Amino acid sequence: MRLRNRIRTWWKAVTRTRQLNSEIEDELAFHIDSHAEELMRKGVPGQEALRRARAEVGSVEAQKETCRAAWGTRFWDELRSDLRYAVRALFKYPGFAAVAIVSLALGIGANTAIFSLMDAVMLRSLPVKDPGQLVLLGNGRARGITDDFGRTNLFSYPFYRQMRQYNQVFSDVAAILTLNNDVHGTVSGRNETEPMHVQLVSGTYFSLLGVQAMIGRNGGPEWRDRYRALHAGQHRSRHRNRDEWRGRPDHFVAECRRLHDHRNLSG
Amino acid sequence: MLRARCCRRCARRSELKPDCCRIEQISGNRLEIPQGSLYPALYRLEHEGWLASEWGQSDKNRKAKYYRLTAAGRRRLNAEAKRWNHMADAIGAILSAAPEQI
């Protein structure tokens with residue numbers, strides 16, 4: 001009830017300011033007149049009574065202001081005049097306005113860029129099935145280094161096979177080997193060799209992560225004990241190279257097979 | 001506070017136009033109410049929903065605004081009057097306490 005009333009009066013004060021002002025004027029005029037009559041009845045002469053009545057009520061403009069403010073318009077009025085003043089000032093000093101706007105834009109832009117980067121790198125989890133369930137053995141560096149003290153090739157391919165065979169803890173195990181950066185190869189249909197970013201993954205890799213290869217085949221159970229080569233094995237770089245490979249899946253897979261045979265990894 | 005109470009009192013009898021002089025008379029000319037502070041107080045009371053106003057004709061056929069106490073306003077008035085009387089009683093009791101009572 002009370003809230004409804006407040007909203008009703010506030011709305012009237014904000015949207016029908018002119019009507020409200022003229023109503024207040026009428027009300028005050030009536031008040032002044034009847035007060036002057038009262039004074040005249042007490043024996044004050046006509047003009048003097050009117051003057052005194054007016055003086056007692058005070059400035060009609062100020063009265064209008066305070067009556068309107070009583071209906072909760074102060075915040076609204078101040079906000080409106082502040083905004084108007086701001087716009088006027090901005091137009092008056094366009095240079096200052098430009099500097100302010102540009103620095104705001106730069107500030108917001110820089111922050112957005114940094115946040116997007118952090119979001120992509122740190123906050124958003126890996127785009128795979130159950131990222132929280134993944135466990136990385138070793139520290140993830142090349143050649144299966146288990147710790148920062150020595151270079152132990154602990155995570156060899158036979159190790160992986162044993163691990164799979166006797167695994168009672170994990171739902172599945174996958175192996176990944178990043179080849180050194182000096183791998184070169186030819187894509188079928190091209191003449192020159194080019195540097196390649198190659199990762200060898202076990203046949204369980206895709207099914208374990210629950211992702212699909214962009215082109216070619218995923219491996220699957222029947223590939224279980226064979227390695228597959230992947231151009232730009234990480235999803236993101238694969239994504240970047242998608243256009244390059246589009247329309248040539250057979251060539252790519254054939255190329256991968258050749259890499260297999262070359263490395264003699266097909267076990 | 002006092003001002004608001006006075007205005008409420010003037011509107012207590014249903015449909016009276018606000019009149020400071022009348023309030024002063026009722027108070028035995030002991031309360032003086034500045035004319036300028038009457039209307040902002042009335043508007044505030046209307047904003048809170050304790051008064052309702054409507055336009056009508058005065059006895060001299062002039063357009064005049066009449067105020068009426070709403071049900072919520074009456075409840076509030078009773079509550080405030082009770083509080084005031086409570087307070088006045090308390091202070092009266094303190095002031096009239098005899099030395100031997102202390």
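Two residues are in contact here when they have heavy atoms within 4.5 Å of each other. Keep in mind that the model is predicted. With that in hand, look at A:R68, which lies in helix α4 of chain A. Leaving out residues up to four places away in sequence, A:R68 touches A:A13, A:V14, A:T17, A:L20, A:N21, A:T73 and A:D77. Its relative accessibility is 8%, so A:R68 counts as buried, the cut-off being under 20%.

One of those partners, A:L20, brings us to the largest nonpolar core, which has 25 residues. A:L20 is among the residues with the most contacts inside that core, along with A:I24, B:Y39, B:L42, B:Y43 and B:L51. Both chains take part: α2, α3 and α4 of chain A and α3, β2 and α4 of chain B each supply at least two residues. The most comes from α2(A), with six residues. Apart from its neighbours within four places in sequence, A:I24 is in contact with A:K64, A:C67 and B:Y43. A second, separate core of eight residues includes A:V128, A:V201, A:F206 and A:A213.

Now follow α2(A) itself. After the helix comes A:G43, with a positive phi near 105 degrees.

What about charged pairs? Side chains of opposite charge can pair when their charged atoms come close. Over all chains, the structure holds 13 salt bridges. In one of them A:D26 meets B:K63, at 3.3 Å from N to O. This pair crosses between chains, from helix α2 of chain A to strand β2 of chain B. Another links B:R62 and A:D33, whose closest N and O atoms are 2.3 Å apart. Because B:R62 sits in the loop between β1 and β2 of chain B and A:D33 in helix α2 of chain A, this pair also joins two chains. Within chain B, B:E80 and B:R76 form a salt bridge at 3.0 Å; they are four residues apart in helix α4, and therefore separated by about one helical turn. B:E80 is buried at 9% relative accessibility, whereas B:R76 is partly exposed at 30%.

Finally, turn to strand β4 of chain A, where five of the five residues are buried, so the strand is largely enclosed by the rest of the structure. A:V198, A:L200 and A:S202 cover one side, and A:Q199 and A:V201 the other. Three bridges join β4(A) to the antiparallel strand β1 of chain A, with A:L177 opposite A:L200.

Conventions
Residues numbered from 1 in each chain as written. Chains lettered and ligands numbered in written order. Predicted model: local features only at pLDDT ≥ 70, side-chain atom pairs only at ≥ 80, totals over all residues. Heavy atoms only, no water. Buried < 20%, exposed > 50% of the residue type's maximum accessible area, 1.4 Å probe, protein only. Pairing = 2+ DSSP bridges. Core = buried A, V, L, I, M, F, W, Y, C linked by side-chain atoms within 4.5 Å. Salt bridge = Lys/Arg side-chain N within 4 Å of Asp/Glu carboxyl O.
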